[in-house]
Amino acid sequence: MENYLKSPLWNNRLPVEERLDYLIGEMTTEEKIACLTTGCPDISRLGIRASYMGGEAAHGIEARHDQAFNKGEPEPTTSFTQPIGMSASFDRELIRECGRCVGEEARALFTRNGSGGLCRWAPTVDMERDPRWGRTEEAYGEDPYLTGEMASSYIQGMKGDDPFYIRCGATLKHFYANNVEKDRISISSSLDRRNKYEYYLEPFRKAIVEGGAEAVMTSYNEINGIPAIVNEEVRTILKEAWGLPGHVVCDGGDMQQTVYDHKYFKTHEETVAYGLKAGVDCFTDDKSVVMEAARKALEKGMITEEDIDRSIRNSFRTRIRLGFFDGDGECLIREWERSMSIIRNTGIFV
């Protein structure tokens with residue numbers, strides 16, 4: 001038996017927070033900084049394999065091959081109608097079945113490729129209030145109740161029925177008031193209190209409290225003048241009020257956009273520092289840029305190692321619930337068997 005399998009991290013009979021205490025105590029500062037991105041490196045002495053937290057799944061697992069980071073052959077996966085069409089069904093059980101397919105195909109991909117893709121960036125619960133928005137097809141419409149119901153069903157299908165383990169984690173997009181395409185990386189959404197709570201926040205609340213969403217992605221826009229990536233409501237609303245169990249990630253490249261487009265800060269270390277304190281746990285920008293910014297923020301005393309530890313706990317709590325560190329393989333064996341059944345029965349990946 002590998003020595004790391006005897007450690008508390010790999011003992012799935014211990015409470016999650018005890019396992020995380022051990023992990024935080026064993027990781028070096030540089031290893032922790034590397035995990036402030038959407039991935040984590042190999043840490044062989046702890047048995048941690050490099051993995052990636054992300055990938056699209058709004059209407060099925062996105063596994064195409066036309067992006068810079070993926071030039072191999074496309075993976076054959078199921079594609080459903082766009083979410084705006086899903087919501088028109090008003091059929092919760094149907095949407096739950098779509099989510100189940102997404103979760104099982106994500107597991108099948110993980111089984112085949114061995115890394116990443118088990119915490120997907122879906123569903124999108126932005127309010128589709130204006131049809132001129134360029135991504136109207138990506139969410140469930142203009143009604144917050146319907147959006148919350150459809151999203152919750154999709155999430156429940158993705159995550160499965162186990163009381164602890166999740167088959168595939170759902171990451172809600174985009175927190176919040178994000179329904180404008182033009183200048184979306186710099187514009188500010190101006191909201192009054194009633195629209196904020198009854199309209200824009202309600203589908204997020206419902207999808208977390210009732211649907212069981214694992215994570216949330218922040219939006220590009222500002223909210224009443226404050227960029228979403230440094231909005232303290234990430235911590236006070238998502239985590240403290242609604243009890244989000246996992247992590248919060250910023251949208252692609254948004255750390256740097258806070259300087260270059262919002263012009264809210266002058267340096268990236270300021271964005272990382274304020275983002276961490278606001279409750280953002282992972283930054284999707286280029287890994288080297290994120291790590292350098294975090295190092296500078298730490299060196300300048302803008303953050304402490306405890307600020308980093310808090311974020312590491314959140315992202316690795318998700319990894320534990322995905323079954324990454326099961327010493328007896330309980331979760332992964334069960335999901336491996338399910339994945340292989342899908343492969344055999346559908347011909348996926350043959």
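Is Lys32 buried or exposed? Select Lys32 to begin: this residue is buried, with a relative accessible area of 4% (buried means under 20% relative accessible area, exposed over 50%, and partly exposed in between, with a 1.4 Å probe and protein chains only). The structure is a predicted model, in which local features need pLDDT of at least 70, side-chain atom pairs count only at pLDDT 80 or more, and totals for chains, interfaces and linings use all residues. Residues are numbered from 1 along each chain as its sequence is written, and side-chain values use heavy atoms, with hydrogens and water left out.

**Stop 1: the partners of Lys32**

Lys32 belongs to helix H2 and Glu305 to helix H12, 273 residues apart; helices (H or I, at least four residues) and strands (E, at least two) are DSSP runs, numbered from the N terminus. Glu305 is partly exposed, at a relative accessible area of 26%.

Next, select Asp309, which also forms a salt bridge with Lys32, the closest N and O atoms being 2.8 Å apart. Because Asp309 lies in H12 and Lys32 in H2, this pair ties together parts that are 277 residues apart in sequence. Asp309 counts as buried, at 14% relative accessibility.

**Stop 2**

Select residues 16-26, helix H1, whose buried residues are Val16, Arg19, Leu20, Leu23 and Ile24. Viewed down the axis of H1, these buried residues fall within an arc of 135 degrees, so they line one face of the helix (the arc is that of the directions from the helix axis to the C-beta atoms). They pack against helix H2 (29-34) and helix H12 (305-321).

Proceed to Phe316. Leaving aside neighbours within four places in sequence, Phe316 is in contact with Leu20, Leu23, Cys35, Cys40, Ile48 and Phe325, where contact means heavy atoms within 4.5 Å. Phe316 is also among the residues with the most contacts inside the largest nonpolar core, which has 84 residues (such a core is a set of buried Ala, Val, Leu, Ile, Met, Phe, Trp, Tyr and Cys residues joined through side-chain atoms within 4.5 Å).

**Stop 3: the parallel sheet**

Select strands E3, E4, E6 and E9, which form an open sheet in that order with parallel pairing; two strands pair if DSSP finds at least two bridges between them. Strand E3 (119-120) and strand E9 (248-249) stand at the edges with a single partner strand each, so one side of each lacks a neighbour in the sheet. Helix H7 (residues 202-209) packs on this sheet and touches E4 and E6, its direction making about 165 degrees with that of E4 (axes are lines fitted to C-alpha atoms, for helices over the stretch in contact, and angles run from 0 to 180 degrees between N-to-C directions).

Within the sheet, E4 (residues 169-175) and E6 (residues 215-218) pair over three bridges. Phe175 has Thr218 as its bridge partner in E6.

**Stop 4: helix H6**

Finally, select Glu198 and Arg194, whose side chains meet in a salt bridge of 3.0 Å, N to O. The two are four residues apart in helix H6 (residues 193-200), and are therefore separated by about one helical turn. Glu198 is partly exposed at 49% relative accessibility, whereas Arg194 is exposed at 61%.

Technical notes. Salt bridge = Lys/Arg side-chain N within 4 Å of Asp/Glu carboxyl O.
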